[in-house]
Amino acid sequence: MICEPETLAALILRERDVLLEQWRKKVRHLPSAQFLDTPTLNDHIPDFIEELAQALRSNSKETIAEALSEGSPPVHGLQRVDDGFDIAEVVAEYNILRGCVHDLADEHGLSLQGAPFHIINRVLDGAIGLAVQTFASRRAWEVQQRREEYLAFVTHDLRTPLNAISLVASALELTDSERLTSKDAGRMLKVLRRNVQQLIVMVGKVLEENTHLESEVGIKLELREFDFWPFVQTLVYDLHPVAGLTNTQLINQVPDELFVYADSSLLRRVLQNLIANAIKYTPGGQVTIGAKELDEQRGIDCWVQDNGAGIANEQVGKVFDKGETDPESTGGMGLGLAIVKSLIEAHGGAVSVESQLGHGSTFRFSLPSRAK
């Protein structure tokens, strides 16, 4: 039977220990959770179960948001950094709890539809957002601390080869060239070569470490201005074999003299994702890539348009959400469009979709102009 929010809240509180036990059993499969003792594994989850029940009783968006921001998810995110979790495991914990709540309702003959279904999803999605936010902030702080410590060590280590090079250079300057034997010169050159090589290795390690740190902190943009038509034409050429499998036509309608200011490698990922998605849902049809310069903002408006299957109205607003998939497709849309959204927003742009079931879709994104 379909249950009311209050009925589900009462069930969750009554069966809290059972719910928690089922959650622990499944969370133990996460690598970072396998060897934690029970109190550490539980952490703030028992408090969050109480908060979830309270949200079901209150049945209010405002109360839910306030309760979460002052409740357990932010503290839980911080604790999971110390527990050695990665960000995917933090998300998984809450999604496992979501599944356990659904299982609990099924076991008691309750159908989670309507208000209870939406409240549970709203609370858990909000909790994931807050926990991930505090987790990422703590991780970023730790990465920054490591960077400062690492650079302090590097600065100290670089002094040794630099001092050796400086001493050899000074000796060469002070030595009369006519009195300098080939043996002495050879020895000094070997010292120079050895220490220069040591510097090269150290600088390489610094660059490599910097790359790792940037990937942990977030997306780093390498912005440059480039001609957009040949950029898109190269993508069309690369994806032509994929389109050929479904007899889909790729059309480049980007103006010849249009320039964009973006990270070319990230923009390539965006367009590859959108074009490949369009090909998948447009067998025997057309996929058009277009762009134009905006008049007022002087930015660029880009789009990938197809005349394929289209997207149902109830799915259009959720296609850019992580984990949201096409229910009619085993492959789904999934994480790909969430990545597209993240990459475009990292550029300072925005992404949207217009679609009509049976008539195709247009995925559109903007790129700001280069700052003058």
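This report walks through selected features of one protein chain, from its overall make-up to single residues.

## The whole chain

The structure is a predicted model. The protein has 372 residues, and 40% of them count as buried. Its secondary structure comes to 13 helices and seven strands. Among contacts with a separation of 6 or more, 73% join residues 24 or more positions apart.

## Helices α6 and α7

Helix α6 covers residues 72–82. Helix α7 covers residues 87–107. The axes of α6 and α7 lie 10 Å apart, at an angle of about 135°. The crossing of α6 and α7 is right-handed.

Which residues make the contact between α6 and α7? From α6 come Pro-73, His-76 and Arg-80. From α7 come Val-90, Glu-93 and Tyr-94.

## Arg-80

Arg-80 sits in helix α6. Is Arg-80 buried or exposed? Its relative accessible area is 0%. Buried means under 20%, so Arg-80 counts as buried.

Arg-80 also lies over the face of Phe-85, at 4.5 Å from the ring centre. Beyond its neighbours within four places in sequence, Arg-80 is in contact with several residues, including Trp-23, Leu-36, Thr-40 and Leu-41. Phe-85, Val-90, Glu-93 and Phe-135 are also among its contacts. Asp-43 is another residue that Arg-80 touches.

## Two positive phi angles

Asp-43 has a positive phi of about 45°, although Asp-43 is not a glycine. Asp-43 is located in the loop between α3 (38–42) and α4 (45–58).

Asn-247 is another non-glycine residue with a positive phi, near 55°. Its place is the loop between α10 (228–245) and β2 (249–252). Is Asn-247 buried or exposed? Its relative accessibility is 61%. Exposed means over 50%, so Asn-247 counts as exposed.

## Aromatic rings

How many aromatic pairs are there? The count comes to four.

Phe-48 and Tyr-94 link distant parts of the chain. Phe-48 is in helix α4 and Tyr-94 in helix α7, 46 residues apart. Phe-48 is buried, with a relative accessible area of 0%. Tyr-94 is buried too, at 1%. Tyr-94 also takes part in the contact between α6 and α7.

Phe-320 lies in the loop between α12 (313–316) and α13 (334–346). Phe-363 belongs to strand β7, residues 360–367. These positions are 43 residues apart in sequence, so the pair ties together separate parts of the chain. Both Phe-320 and Phe-363 are buried.

There is also one aromatic cluster, formed by Phe-226, Phe-228 and Phe-231.

## Three more places to look

Ala-9 is part of helix α1, residues 5–14. With 1% relative accessibility, Ala-9 counts as buried. Ala-9 and Arg-57 are 48 residues apart along the chain, yet their C-alpha atoms are separated by 6.3 Å. Not counting residues up to four places away in sequence, Ala-9 touches Ala-53, Leu-56 and Arg-57.

Glu-222 lies in the loop between α9 (182–217) and β1 (223–227). Glu-222 and Tyr-261 are 39 residues apart in sequence and 9.9 Å apart in space, C-alpha to C-alpha. Apart from its neighbours within four places in sequence, Glu-222 is in contact with Ala-262, Asp-263 and Ser-264.

Thr-288 is in strand β4, residues 286–293. Its relative accessibility is 9%, so Thr-288 counts as buried. Which residues does Thr-288 touch, not counting those up to four places away in sequence? They are Ile-251, Gln-253, Trp-303, Val-304 and Gln-305.

Key
Residues are numbered from 1 along each chain as its sequence is written. This is a predicted model: local features need pLDDT of at least 70, side-chain atom pairs count only at pLDDT 80 or more; totals for chains, interfaces and linings use all residues. Side-chain values use heavy atoms; hydrogens and water are left out. Helices (H or I, at least four residues) and strands (E, at least two) are DSSP runs, numbered from the N terminus. Buried means under 20% relative accessible area, exposed over 50%, partly exposed in between (1.4 Å probe, protein chains only). Rings of Phe, Tyr and Trp (its six-membered ring) pair if their centres lie within 6.5 Å; planes under 30 degrees apart count as stacked, over 60 as edge-to-face and the rest as tilted. A charge sits over a ring if NZ of Lys or CZ of Arg is within 6 Å of the ring centre and within 35 degrees of the ring normal. Axes are lines fitted to C-alpha atoms, for helices over the stretch in contact, and angles run from 0 to 180 degrees between N-to-C directions. A crossing is left-handed if the near helix is turned anticlockwise from the far one by less than a right angle, and right-handed if clockwise. Contact means heavy atoms within 4.5 Å.
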